[in-house]
Amino acid sequence: EVSNNLFTRLVPVKKIPSMDYLSEIPDEARTFVVMPVIISSAEQGLAYLERLRGHYLANRQCNLYFALLADYADAPDLHAPGDELITKTLVKRIQEMNSLYPAVNQRFSLFFRRRKWNEAQDCFMCWERKRGKLEEFNAYLTGTPREDTSFSLILFDEKLLGTFQYVITLDADSDLVQDNASKLVGMIHHPLNQAVLDETGEKVVEGYAIIQPSVRNHICDRNG
């Protein structure tokens, strides 16, 4: 909290130009909102899906799609006793959510990854946890065949492959407040903000490849 206050007072604010997408995000700025999580029980998985549903209800745009990127918890063996129950429970709930909020294309998606043996950790775990989920997810969206990733289950409308321009990543305890998704997309999609790469295609020389909104702490009232 002290660090946040110091930085907000000492670092001058730079206004970033933005497109107004509050009424509609265009097709060319189609965006996936994803939550990368590790799931150790069916109840925990359902709680994460409920948070994902809340993000959708606060950001109901035709070109916003929502996904849970799920890893099973670390285990001494490739498969753990609760894996099947977790999978069946979350698949059923995702199907219910898509029925509850019908759209031309499937609004909610579910991605599960398989464990791999990790010699350093002496256990079976999903590759690189959060970073690995996002890296493989982005690779899949941009054309990497599913068999070249560690995804064991994908519930996703594959007609949309290759159509996504941006990904908004949320931690499990983050809130995407009302209309903030369209504001973020409006900022990064503005012509003055779009990333320009160097000759190698690996370094951003102008614009932005990633933007991060301000982070605020919740104030909890223990008395009510």
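Ring pairs join Phe 32, Tyr 65, Phe 111, Phe 137, Tyr 140, Phe 151, Phe 156 and Phe 164 into a cluster; rings of Phe, Tyr and Trp (its six-membered ring) pair if their centres lie within 6.5 Å. This is a predicted model, in which local features need pLDDT of at least 70 and side-chain atom pairs count only at pLDDT 80 or more, while totals for chains, interfaces and linings use all residues. Residues are numbered from 1 along each chain as its sequence is written, and side-chain values use heavy atoms, with hydrogens and water left out.

**Aromatic pairs**

- The count of aromatic pairs comes to 19.
- Tyr 140 and Phe 156 are 6.1 Å apart centre to centre with 70° between the planes, an edge-to-face pair (planes under 30 degrees apart count as stacked, over 60 as edge-to-face and the rest as tilted).
- This pair links distant parts of the chain, 16 residues apart: Tyr 140 is in helix H4 (residues 129-141), and Phe 156 is in the loop between strand E6 (151-155) and strand E7 (166-169).
- The ring centres of Phe 156 and Phe 164 lie 6.3 Å apart with the planes at 45°, so this pair is tilted.
- Tyr 140 and Phe 156 are both buried, and Phe 164 is buried as well (buried means under 20% relative accessible area, exposed over 50%, partly exposed in between, with a 1.4 Å probe and protein chains only).

**Fold and dimensions**

- The chain has 5 helices and 9 strands, taken as DSSP runs (helices H or I, at least four residues; strands E, at least two) and numbered from the N terminus.
- Their order from the N terminus is α-β-α-β-α-β-β-β-α-β-β-α-β-β.
- The radius of gyration is 19 Å, close to the 17 Å that the globule rule gives for 224 residues, so the chain is as compact as a globular protein of that length (C-alpha atoms; the rule is 2.2 Å times the number of residues to the power 0.38).
- The C-alpha trace spans about 55 × 50 × 45 Å along its principal axes.
- Of the contacts with a separation of 6 or more, 71% are between residues 24 or more positions apart, a contact being heavy atoms within 4.5 Å.
- Buried residues account for 38% of the 224 residues.

**Positive phi**

- Most residues other than glycine have a negative phi.
- Glu 128 has a positive phi of about 60°, sits in the loop between strand E5 (123-125) and H4, and is partly exposed at 39% relative accessible area.
- Asp 179 has a phi near 70°, lies in the loop between E7 and helix H5 (180-188), and is partly exposed at 29%.
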